[in-house]
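Dear colleague,

I am passing on the structure below, together with a short account of what was found in it. Please read the notes alongside the model.

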Amino acid sequence: MIISLEELKKLLINNNLIDEITFKEIHKESQRLNINILDLLFSQRLLDKDYYANILSDYLKVKRINLKQITIPKNILRLIPEKIVLDKKIIPFKEENGILHLAMINPNDYETINFIANLTHKKIEPYLVLEDEFQFGLTFYQKLYQEEYEDILKNEISQIGNMEITEEIQNISAAKIIDNLLSYAVGLNTSDIHIEIFYEYSLIRFRIDGILKEIMKLPKKIHSSLIARIKILANLQIDEHFRPQDGRFKTKLGDFEFDIRVSIIPTIYGEKAVLRLLASTFKPSALSDLGLNSFHEELIKKAIKKSYGMIISTGPTGSGKTTTLYTIIQLLNSSEVNICTIEDPIEYELPRVNQMQVNPKINLSFAEGLRALLRQDPNIIMVGEIRDYETADIAVQSALTGHLILTTLHTNDAISSIPRLLDLKIPKYLVASTLSVVIAQRLVRKICLNCIYSTEIKNYQIETIKEQLSKDGLSEKEINEYPITKYLFKGKGCELCSYSGYRGRTGIFEIFFMDDELIDYLARKEFNLVEFKSILKRKNYKTMFQDGLEKLTVGIASLEEILRVIRE
Ligand SMILES: [Zn+2]
């Protein structure tokens, strides 16, 4: 926020927009949910965004611009590179008489104003812009590049389609298409590119925010050149067409370095390639950025204060569990500790962490790797996944002997991690003495802030929520007393979110920390999961769905989306 909490409070109270008591309550709630107080005020309809922007700009004594209401010319956009625009949270939108008009999240940031003045050799006139309007402004940049890439791609494709071309030209064309596809994909925030072949055409699809989207169809005849180009980049065998191959390569796209992981398999009409795009180094983020509320954050912090024990992250593939572990590692990463990992595969490079990759060709398994790491004088070890007795056994033993172990298990919810470890033949007393914290999670798509709207909740939606709460094991009394939101939020669909109504993702969590009471109960002979769960409930334990309901209430997630990922 560009003004302090105290200033915000004064501003709102002096303008008769809120009273002191409500402000206090909302502030407390925003801290609990780990979200910006303004977002909560807007979503709860306690404050009108546009009105707020106007009084804020008066207070800051600067003009205000709403980027949603204008179109920015391309030559103005090109005055400042996108990386600087993202870094400094500014967008140039107009030039008049040698003065550059600059939309700024913080229009009182004189350092940035001077920096841009030097960069562009122009006088700067700063304007206040709100966060979501700034985000909308970024689409002008996206479009700038998208149009360029689309033009190049279309041009290449029509050339291939129209004429009989030599293999050489086809290869040059394929290289151009792959280059532009990668840049195009980065602009759209794509995680995976699928290049597949069917009877009539070759198809390109992008996965964006977890959902696959058809991007374009290509003439069949270019397909094998595309695959060959990818094989060259990833150092794979070009003449091998019948066996799956894996590889990777690094590339610079725009201002950023990317690691591209390649998988190729033979299908009926030819080979299919999937390219996973990963920023080449892990962008450190705070636990709250993952979508954790302050209660959950505290549980994790308790576990990482200890120098031993097991931190387990669970959920299906693509639920964000590795990102959560990487974030925890970043919090632990200091010069006083030795951190090593055995992963399959290594997803991001972490500075000052010794990362090792599982390799079945030389029998380097999780268990084998873990054994080797233990001879490396480690403090903290991340084991990509525990799926067999051997790995589980070594992990538990090392957690017991003063190492902090981070790992993932394939279970649907947090509590199931206990029976899962018992299934792996780990004695119950060992699970009790090593298990520290268990995090289960799913990723939900966030509602696009640009086209968000709210409606009153309908009876059948309340019934759906109650049904799910009952499935989660809440009693009838608990369900009837459950605070259910009055409003539901959705995205209408707009240019910014490619008309999906969603933009970006966040996690929903269920987390428990093994305190003395739980350790004691787990070690007992009469241990059972039902009783375990009721002890947890007394400790404020919430299921993923309940966590999702909080994100529903404040307009971060939609009911459909939460139900979709819960039922996955
Ligand atoms: Zn939208």
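**Strand pairing and overall form**

Strand S3 (residues 99-104) runs parallel to strand S4 (residues 123-128), and the two pair over 6 bridges; pairing here requires that DSSP finds at least two bridges between two strands. Please bear in mind that this is a predicted model, in which local features need pLDDT of at least 70 and side-chain atom pairs count only at pLDDT 80 or more, while totals for chains, interfaces and linings use all residues. Residues are numbered from 1 along each chain, as its sequence is written.

Within this pairing, histidine 101 has glutamate 125 in S4 as its bridge partner. Helix H7 (residues 110-120) packs on the sheet, where it touches S2, S3 and S4, a contact being two residues whose C-beta atoms, placed from the backbone, lie within 7 Å. The sheet itself is open and consists of 4 strands in the order S1-S4-S3-S2, with mixed pairing. Its edge strands, each pairing on one side only, are S1 (63-64) and S2 (90-96).

As for the whole protein chain, it contains 22 helices and 19 strands, which are DSSP runs (helices H or I, at least four residues; strands E, at least two) numbered from the N terminus. Of its 568 residues, 34% count as buried, that is, with 20 or more other C-beta atoms within 10 Å of their own, these atoms being placed from the backbone. The C-alpha atoms of the protein chain fill a box of roughly 80 × 75 × 50 Å, taken along the principal axes.

Technical notes:
A residue is buried if 20 or more other C-beta atoms lie within 10 Å of its own, exposed if 12 or fewer, and partly exposed in between; C-beta atoms are placed from the backbone. Axes are lines fitted to C-alpha atoms, for helices over the stretch in contact, and angles run from 0 to 180 degrees between N-to-C directions.
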